[in-house]
Amino acid sequence: MENWRQQPWVFLTFIAPAAFWLLLFFLIPLGWIWFFAIGEREGPVDIVVTWTMSNYAEALQPIYLQLFLKTLWIAVLSTAICLVVAFPVALAICFAPSRYKGLLLLLVILPFWTNMLIRTYAMIAMLRQNGFLNDGIGAIWTAVKFLLTPVGLDGLMGERFEPLALLYNNTAVVMGIVYIYLPFMVLPLYANLEKLDRSLVEASLDLGASQIRTFFEVIVKLAKPGIISGIILVFIPALGTFLISDLLGGPDSQLIGNVIERQFRAANNLPLGAALSFLLLYLTFIALALRAWYAAREEKADA
Amino acid sequence: MRSPIGPLEFTRRTWVRLWLLAVFVFLYAPIVVLIAFSFNKSKRNIVWTGFTTDWYGRALNNSSLIEAFTNSIMIALVSTVLSVILGGLLALGLYRFRFPGKSVLDGVSALPIVIPEICMGVALLVFYARVGWPTGLPWPLNLSQVIIGHVVFSFPFVAVVVRARMEGFDRSLEEASKDLGASEWQTFWNVTLPYMKTGLIAGGLLAMTLSLDDFVITFFTSGPETITFPVKIYSMVRQSVTPEVNAASTILIVFTVALTLVALKFQKPSEGVG
C-alpha cells in the first residue's frame, strides 16, 4: 500500500466520486433527518431546530414503545424461524454431491432475483381465505374425515371445513418475512459451512458422539460466524419492514416501518417520523455493535 | 445394490430430503401459482377456468404499465453503470492507498448495506423535497432521484465484491508494467482492469439485481409523475387483484431471471482467465 501523498491526483480520482456520493446523497439526507428529530414544526412545512427532546419523548410513549417491542418480537421470531429452516438446507447443500451443489444453490438464490413486491403479492394468493394453502388444508381435512368415517370418529371433526384466517394477521407477516428473507439466511450459512473442516465432523462421529451431539457441539459451533451473519442479514431488514406488514398484515399488524412511512407521506409529522427513524437506526446499531463485540470476544478467545 | 448412507451424506437421509423438498415448495409454490394464474381465464384469481393469454395482451397494451416497465429497466441500467464505476474506483482506492480517515470511509461506505432501507428512503424523500429537486424534467432525467437512491445502496456492494477480487492481485504486475514504460493510465487499462473484470461483472450483476428487486427506495424517491414498475404494481395490488398483475409480474420475473442467467453464462469463461 502506498501513501496517498505520493500520487494525490490518482488517489482523488479513485476516492472522490464515492466519497462525494456518500456525503451528498447519504450522510447529508440522514443528517437532515437527525436534525428534524430535535426540531419543531413551525407552520405547515417549516421545521426549526430547537434541540428539543419532545419528539423522542413522544416516540417513546407507550403507544410507540409497544410498537417497537412488537416489531422487535416479530423480527426476532422471523429470524429464528429462518435460522431453523435454513440450517438443514445449508448443511444439505454443503454435503451434497458436487454435481448437484450448483443447482441447489441456484434454486435458493433464484427467488431472490424476483422483485420483493411480486413475491409478497404471490404470498397473498397463497394465504387468503380461498387461497391455495387453505384449499390444501381443506383437502387434507376432507381426506382425514373420509378415512375416519368408517371408524365412526368423523364426528370429532365438525360438519364442514372452516377456512383458516391465514391472511391479514401477524402470522401472515411472519410467514412473509421468512419467505422473503430465507435466502439471506441460507447463503451465509452455506458459505461458512463450506469452509468447515470435515475431518472434525468425522472425528467427532468416530469418537462415538451421536449425530445430534456432533451437530450441536461441532457443526453449530464452527458455523457460528455464518449464523451471526445470517441473523444480521435477516434481522435488520425485518426490523425495518413495512411492505410485508402493509400487504399481508391486518389492522393490528402495524409495525414501526408502517408508522414511519405514514409520518412522512401522509400524517406529515416529520419530527416524530424522524425521531422514530432514528430510534430504529439506533436499534440497528445496537444489533451491529453486539455482533462486533461478539466477534472481538471470539477473536480474543482464539488468541 | 445401494451403498449404505455415509455419516456425512446428509442429502441421502430421508428427513433431509423431505426438509429440502418442503423448503423448495415453500419458496416456489407462490411464484409458480402466480405464473400459472396469469394464464387463467377467470378474472377472479381463485378458480382455474381455462387457458388464455389475454392478460398478457392487456398488460402489453396498458401504456402506463409499459412506461413503468421501461422506466424500471432504465433505472436499473443507469444505476448499474454508475455503481460499477463508483464501487470499482472506491475498491481500488481502498486497496491501493493509505490515507487518514480510511477506516471512517470504509465504515461509512458499508452503512447503506446495513441500515434499514426505510430510513434511507425517508431521508432521501425529505432531501429531494427540501432541496427542491427539479421535477418535470424530460425522460430519462426525471428518473434521476430514483437512480441516485439506487446507486447509494448498490455501489457499496460492488465495492465489497471488487475488493474481495483484488485480494488476490499481484501488485508486482503493475510495477512491471510501469518499469517497462507504461503510463499510470496504460497500466490501469491493460493490467489492473482486466484482472478486475470478473469482480466488476459480478458486482454489476448484483447491482442490477438489487435495483430490479428494490421496492422501498423506489417507493420513497419516485415523485408523483414518475411511474416505476414496483410502484405501479403496488397501486394495482392495492386497488384490485386481477390476473393482469400476474401477467405483468411474470414478464418481470422472466426478464430478470433470463438476464441473470445470461450474465452468469457470460461470466463463466472469464473465470479461467483471471
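A salt bridge is defined here as a side-chain nitrogen of Lys or Arg within 4 Å of a carboxyl oxygen of Asp or Glu. By that definition, a search of the whole structure finds ten salt bridges over all chains. This is a predicted model, in which local features need pLDDT of at least 70 and side-chain atom pairs count only at pLDDT 80 or more, whereas totals for chains, interfaces and linings use all residues. Residues are numbered from 1 along each chain as its sequence is written, chains are lettered from A and ligands numbered from 1 in the order in which they are written, and side-chain values use heavy atoms, with hydrogens and water left out.

In chain A, Lys101(A) and Glu194(A) meet through their side chains in a salt bridge of 3.4 Å, N to O. Because Lys101(A) lies in helix α4 (residues 98-109) and Glu194(A) in helix α7 (residues 170-194), the pair ties together parts that are 93 residues apart in sequence; helices (H or I, at least four residues) and strands (E, at least two) are DSSP runs, numbered from the N terminus. Lys101(A) is buried at 14% relative accessible area, while Glu194(A), at 32%, is partly exposed, where buried means under 20%, exposed over 50% and partly exposed in between (1.4 Å probe, protein chains only).

In chain B, the side chains of Arg163(B) and Asp106(B) form a salt bridge of 2.9 Å, N to O. This pair also links distant parts of the chain, with Arg163(B) in helix α6 (residues 144-166) and Asp106(B) in helix α4 (residues 102-114), 57 residues apart. Elsewhere, salt bridges that share partners join Glu2(A), Arg96(B), Arg171(B), Glu174(B), Lys178(B) and Glu184(B) into one network.

Asp214(B), in the loop between α8 (184-213) and α9 (216-221) of chain B, is buried yet has no salt bridge, and the nearest side chain of opposite charge, Arg119(A), is 11 Å away (Lys and Arg count as positive, Asp and Glu as negative, and His and the chain ends are not counted). The side chain of Asp214(B) is, however, joined to that of His150(B) by a polar contact of 3.3 Å, a term for a pair of N or O atoms within 3.5 Å in which, within protein, one must be able to donate a hydrogen and the other to accept it, residues adjacent in sequence counting only if both atoms are side-chain atoms.
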